[in-house]
Amino acid sequence: MQLQHRMFQRRVGRYLEKLCIENEIERHTKISREHLTPELQLHLLTPDCPLYTARETQIPRYFREPFWSIYWPGGQVLARYILDEGSRFLRGLSAAKVLDVGAGCGAAAIAAKIAGADDVLANDIDKVACVAAIKNAKLNGVKIRTSTNDLIGRELPENFDFVLIGDLLYDEIIATRLEDWLEKYVSNTENPLTEIYVADPGRHGLSDTLRRRLVHRRTYRLPKNVCRENYGYNEAAVWKYLPRS
Ligand SMILES: C[S@@+](CC[C@H](N)C(=O)[O-])C[C@H]1O[C@@H](n2cnc3c(N)ncnc32)[C@H](O)[C@@H]1O
C-alpha cells in the first residue's frame, strides 16, 4: 500500500510539474511562424518576448537552459527538407518510424509526422523540451511521442527507419559522442535501411571525419531574422550519413 501510495504521489507530482512547465511556456514564449517553415506554428522565445533580453536573475526556473525555445538553423533546414520532400522523404514506407535526437522544440519530428510518418519519437534530455515538443505538435494538429533518455552512446531501444539530427554539433563533446555513436550503433541497427540525416549551419563540431561520411542533400538560405539571431550563419545544409560498408 505504501509503495502504491508513493507511486501515486510521484505520478501526481510529475503531472503537476508538466502543467507548470506548460504554463511557463505559454507565459514566456510567442507562437511564431517567423522561420524557414512558416507552415509550422511553434512556441518560441523570440526577440520581442521580454525574457529574450532578461537578466540572469530574472530568468524563471524552466528557462535556465532554454535550448528548446530557439528553433536552430539545423532544425529549420531539416524540417524544411522533410516538408519539401513530403511522402518521398519516407521512401513510401507505410508505417515509418522516426527518431529525432536532440529534438528541442520538436519541429523536425513534427515535420516527419506531417510528411506521413506513422510513429515519431522526439528525444531530448531536457524534460522541458519534451513538454514543448508535445505542445508544439498539438498546435500543429499531430501527435508525437517523447523520451528524455540519453540515447547517444547506446544501442537504440527500438528500430527506426529514420534518425534525424538537427543542430547537435554545437559543442565538441557532444559532437564527438555523436560521431562515435553513429559509427557504432545507429548504422549497425537491426534495420539495415535506417536512414540518418544530419543538418547543420557549419558549426565547429562538424569534423572532417564526420564530413567525409556525409552526402550533401540540400542547402537552404535562412530568413533574415534567423541570420540576425544566429550571429552570421546565413545558410545551413542537410546531409545524409553514410555508414561504412
Ligand atoms: C542546439 S539544440 C537543437 C534543437 C533542435 N534539433 C533544433 O535544431 O532546433 C540541441 C538540443 O539537444 C538537446 N541535447 C543535448 N544533449 C542531448 C543528448 N545527449 N540527447 C538528446 N538531446 C540532447 C538539448 O537539450 C537541446 O534541446
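Biologist: Which residues does Leu 164 touch, leaving aside those up to four places away in sequence?

Modeller: In this predicted model, the contacts of Leu 164 are Leu 78, Val 98, Leu 99, Asp 100, Val 101, Ala 108, Ala 112 and Tyr 197.

Biologist: Which residues touch the most other members of the largest nonpolar core?

Modeller: In soluble globular proteins, nonpolar side chains tend to be buried together. Here the largest nonpolar core has 66 residues, and Ala 112 and Leu 164 touch the most other members. Helix H3, residues 107–115, supplies the largest share of this core, with 8 residues.

Biologist: In what order do the strands of the open sheet lie?

Modeller: The order of the 7 strands is S5-S4-S3-S6-S7-S9-S8, and their pairing is mixed. Strand S5 (145–147) and strand S8 (214–221) are at the edges; each has a single partner strand, so one side of each lacks a neighbour in the sheet. On average, neighbouring strands of this sheet are turned by 20° against each other, direction ignored.

Biologist: Do strands S7 and S9 run parallel or antiparallel?

Modeller: Strand S7 (residues 195–200) and strand S9 (residues 235–241) are antiparallel and joined by 5 bridges. Val 198 stands opposite Trp 239 in S9.

Biologist: Which strands does helix H2 lie across?

Modeller: Helix H2, residues 73–85, lies across strand S6 (162–166), S7, S8 and S9, and runs at about 65° to S9.

Biologist: Which residues come nearest to the ligand?

Modeller: Of the 23 residues around the ligand, these are Trp 72, Gly 75, Gly 102, Gly 104 and Gly 166. By class, the shell comprises 13 nonpolar, 6 polar and 4 charged residues.

How values were computed:
Residues numbered from 1 in each chain as written. Predicted model: local features only at pLDDT ≥ 70, side-chain atom pairs only at ≥ 80, totals over all residues. Core = buried A, V, L, I, M, F, W, Y, C linked by C-beta atoms within 7 Å. Buried ≥ 20, exposed ≤ 12 C-beta atoms within 10 Å, placed from the backbone. Helix = DSSP H or I, 4+ residues; strand = E, 2+ residues; numbered from the N terminus. Contact = placed C-beta atoms within 7 Å. Near = placed C-beta within 6 Å. Nonpolar A, V, L, I, M, F, W, Y, C, P; charged D, E, K, R; others polar. Pairing = 2+ DSSP bridges. Axes fitted to C-alpha atoms, helices over the stretch in contact; angles between N-to-C directions.
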